[in-house]
Amino acid sequence: MDIVVSVFALFILSPIIAWTFWKVRKHLGTPVVFRQLRTGLHAEPFELVKFRSMREATDLSGKPLPDSERMTPFGNFLRSSSLDELPELWSVLKGDMSLVGPRPLLNEYLPLYNSEQSRRHEVRPGITGCVQVNGRNSLSWEEKFKLDVWYVDNHTIWLDIKILFMTVIKVLSREGISAEGEVTMSKFSGTKNSDTNGIDA
């Protein structure tokens with residue numbers, strides 16, 4: 001299903017992908033594509049590819065400015081419409097991702113997961129998933145991880161189809177795009193008072 005749907009989606013959405021590429025280049029310049037190592041199946045790293053949604057801006061020491069200062073109205077539109085996620089269809093074709101699964105997170109979070117949270121890596125990460133149709137970034141990290149592990153234990157092709165249809169509805173309604181008081185979502189710093197693989201978070 002991943003291969004068939006992603007090939008079909010790339011064909012149907014190719015005009016939108018081309019338009020988004022042109023608009024990102026016009027509004028944000030180059031590079032048009034954002035690349036970053038994320039954690040995939042069995043906690044193996046892979047390169048996530050998305051359309052860039054933030055401008056490149058640093059302070060005097062060369063450190064990137066906070067997301068709130070780098071986000072533009074156009075970038076916010078890309079995220080709220082999920083157009084920035086379209087290049088991930090190539091990752092599905094490559095086998096790095098699935099259409100549905102836990103979202104791939106930063107590799108720096110790996111030492112912070114407890115044993116239960118780490119189970120999210122038992123399946124391929126997805127473009128969308130249970131978290132995206134149940135609150136997205138309005139959820140706490142702990143709530144997200146519980147949904148991720150629930151998906152690992154209960155995923156079926158019918159559940160995936162249901163999540164894909166629900167994703168379309170959520171994208172159109174633009175719900176849960178960011179956490180309260182945040183442009184996107186604050187970084188995960190570990191779950192306190194829990195098993196974190198030997199690291200006190």
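Where does Gln117 lie? Gln117 sits in the loop between strand 3 and strand 4; helices (H or I, at least four residues) and strands (E, at least two) are DSSP runs, numbered from the N terminus. The model is predicted, so local features need pLDDT of at least 70 and side-chain atom pairs count only at pLDDT 80 or more, while totals for chains, interfaces and linings use all residues. Residues are numbered from 1 along each chain as its sequence is written, and side-chain values use heavy atoms, with hydrogens and water left out.

Gln117 is buried because its relative accessibility is 6%. Buried means under 20% relative accessible area, exposed over 50%, and partly exposed in between (1.4 Å probe, protein chains only). Leaving aside neighbours within four places in sequence, Gln117 is in contact with Leu112, Phe145, Val149, Phe188 and Thr191. Contact means heavy atoms within 4.5 Å. Gln117 and Val149 are 32 residues apart in sequence, yet 6.9 Å apart in space, C-alpha to C-alpha.

Now the rings. The whole structure holds eight aromatic pairs. Rings of Phe, Tyr and Trp (its six-membered ring) pair if their centres lie within 6.5 Å; planes under 30 degrees apart count as stacked, over 60 as edge-to-face and the rest as tilted. Tyr109 and Phe188 pair edge-to-face, at 5.8 Å centre to centre and 80° between the planes. This pair links distant parts of the chain: Tyr109 is in the loop between strand 3 (98-100) and strand 4 (126-128), Phe188 in the segment after helix 6 (157-173), 79 residues apart. Tyr109 counts as buried because its relative accessibility is 4%. Phe188 is buried too, with a relative accessible area of 4%.

Phe188 has another partner, Tyr113: the ring centres are 5.9 Å apart and the planes at 20°, so this pair is stacked. Tyr113 lies in the loop between strand 3 and strand 4 and Phe188 in the segment after helix 6, so the pair ties together parts 75 residues apart in sequence. Tyr113 is buried. Ring pairs link Tyr109, Tyr113, Trp141, Phe145 and Phe188 into a cluster.

Next come the helices. The axes of helix 5 (residues 141-154) and helix 6 come within 10 Å and cross at roughly 140°. Axes are lines fitted to C-alpha atoms, for helices over the stretch in contact, and angles run from 0 to 180 degrees between N-to-C directions. Trp150, Tyr151 and Asn154 in helix 5 meet Leu159, Asp160 and Ile163 in helix 6.
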